Every structure is written in structure tokens, then in C-alpha cells.
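Hi,

Here is the structure I promised to pass on.

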Amino acid sequence: MDDILWFNIITCPECKSIEEWASYSKRLCWERKAESNDEIDGSFNSYVKKASIYPEFSQVVAVSFKTKGHDVVLDCKEWEKSLLEKVNEVFKKNKSRLGWFNIYNFAIPFLWKRMVINCLQPAEWLCISRLKPRDMEDYIVDVMNIWKQTSFTCSLDLLSISLLSENPGVDGYGEYVVSAMAQGNINWCIHYCYQGMRYAERCFNAIMYHDQYEEEEEVKEEVKEEVKEEENPSPVVEEKTLEEKKKEAEDIAMAKMEQEAKEVAEENIELPF
């Protein structure tokens, strides 16, 4: 299996308290958004729970990376832009496919948009809108889409419970991130970020293990058969003619008669002729 750059992002609403909400410059925009979206309303509570998925209303506070032998978590202690600059450098140097859960519809587009908002030029790996669907597998590994197949998908928590019998507890974290950031508890966000990345990778390995296992077993059986044939080559059987088969049958019958005659002679039994 080729190397994959696994990563995860933790996002947090820009407005973190009810006091800030009163003077939040995008409050009216959120209220208007709620008018055409049944999943949210114009209240601060709804904003805290749902704003983290919208790059126009939230920001990146932590990003975790994992390659072979290396685990790195970058966090936002002061300015989001400084974090995004470091993240962008990682992607610019990357030569592996990018992997995570819902990377295609959320993680990559979110990073791309936040970089543009912060006046940064996103690395080429983040510009997936230019890719054709048939080329997507060469660039990203989306565990959610792999599990979806042509049917329904599920959350990372549910997938982890189903495949690993473990619950990472990474779904619906928005309001908890707000609370942690308001208290200055960036370590909680870092742990959450790493946890989501690690379980996405483990679920991917669990899925791919079964697919590859069958292929490997088939290859092993084919190799065994080839080695067996080389070590014990099958004898070349020539088709016998009708005359040869007839003569063989006569020889067998004659040998049987001679054997019977020999046994009779040894036992001194008188023959009726």
C-alpha cells in the first residue's frame, strides 16, 4: 500500500461568547442563512452548534498530520493565518495522497476557503475542484466515500464502533470546542484533532485489510500451483489406439490364465480335461 498523508482539522466558530454575539459583524448574515436552512436558526446556541462546518463563520484551530513514523499536531495559539501558513507548507512538500474521513466534501474545501480568506495561495494539493472524478483516487483517500460505496454513509463514531468496537467520540464536537477555546484549553482541541485522524486511518486499514486479504490469498494459491507444477511436472499421456487397447486387454487376460494354471499345478488338482 502506498504512503498516505493522513490529516484532520478542528474548526471553531469565530464568535465564542454571548457577549461577542451582540456585536458580531456576521450575526445578520447567520440569521438570514437560517431562513433558508431548516437545520439552524438565528440564535447564538444554534450558531455555536453548527457554525463550525461553515468556513465563512468559523476558523481552523488545530491540524494533525500523520505519515509513516511521524505524528504532528499544529495548533492555533494566536493567529489562524500563522497556522494556515505552516499547514500550507506541509501540503506543498507533500508527495503522497491525502487521507481522512469526509476529506472531499469538508476538510479540503474548508482549508482552501480559509486560506483564501486569509490571503494565502492554497497548495496545489488543496485545489481539488480542478480534478476530474476519475482522477480523484490518485489524490485523496476519503474513508467516508469508501465506506459509502453506492449506498448510505455514516458518522466516524458509528463506523469506528462497527469496525473496531471502539467509540472515539469525535462527532458533534462544535459546542465543546467553543467552550475549550474560551477557557484557553487548546490541549483538549489537540487531543480531539489527533483522535479523529487516528480513527479514520484505523477504519481505512480495517476496510482495506479484507479486500486485500482475498487478493493475497488468490495470488498465493496461484503461486503454489505454479511451483507444484514445476516441481512435479505431470507425465505426458499419449492416447492409445484401438489396436493397442485390444492387445493390452488380451495380454491381461492371458496373464490371468497363466496365473490360474500355475496355482492349480501347485495344488495338484486334476483338471476336467
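Predicted model: local features only at pLDDT ≥ 70, side-chain atom pairs only at ≥ 80, totals over all residues.

Residues are numbered from 1 along each chain as its sequence is written, and side-chain values use heavy atoms, without hydrogens and water.

The sheet is open and has 5 strands in the order S3-S2-S1-S4-S5, with mixed pairing. Strands are DSSP runs of E with at least two residues, helices are runs of H or I with at least four, and both are numbered from the N terminus; two strands pair if DSSP finds at least two bridges between them. S3 (70–75) and S5 (140–142) each have a single partner strand, so one side of each is left without a neighbour in the sheet. From one strand to the next, the twist averages 25° (axes are lines fitted to C-alpha atoms, for helices over the stretch in contact, with angles from 0 to 180 degrees between N-to-C directions).

S2 (residues 58–67) pairs with S3 in the antiparallel sense over 6 bridges, and Lys66 stands opposite Asp71 in S3. Helix H4 (residues 80–93) packs on the sheet and touches S1 (4–13), S2, S3 and S4 (97–100), contact being heavy atoms within 4.5 Å. The direction of H4 makes about 30° with that of S2. Helix H5 (residues 103–117) also packs on the sheet, touching S1, S2, S4 and S5, at about 65° to the direction of S1.

There are 0 disulfides (pairs of cysteine sulfur atoms within 2.5 Å) in the structure. For Cys193, the nearest cysteine sulfur is that of Cys189, 8.9 Å away.

Best wishes
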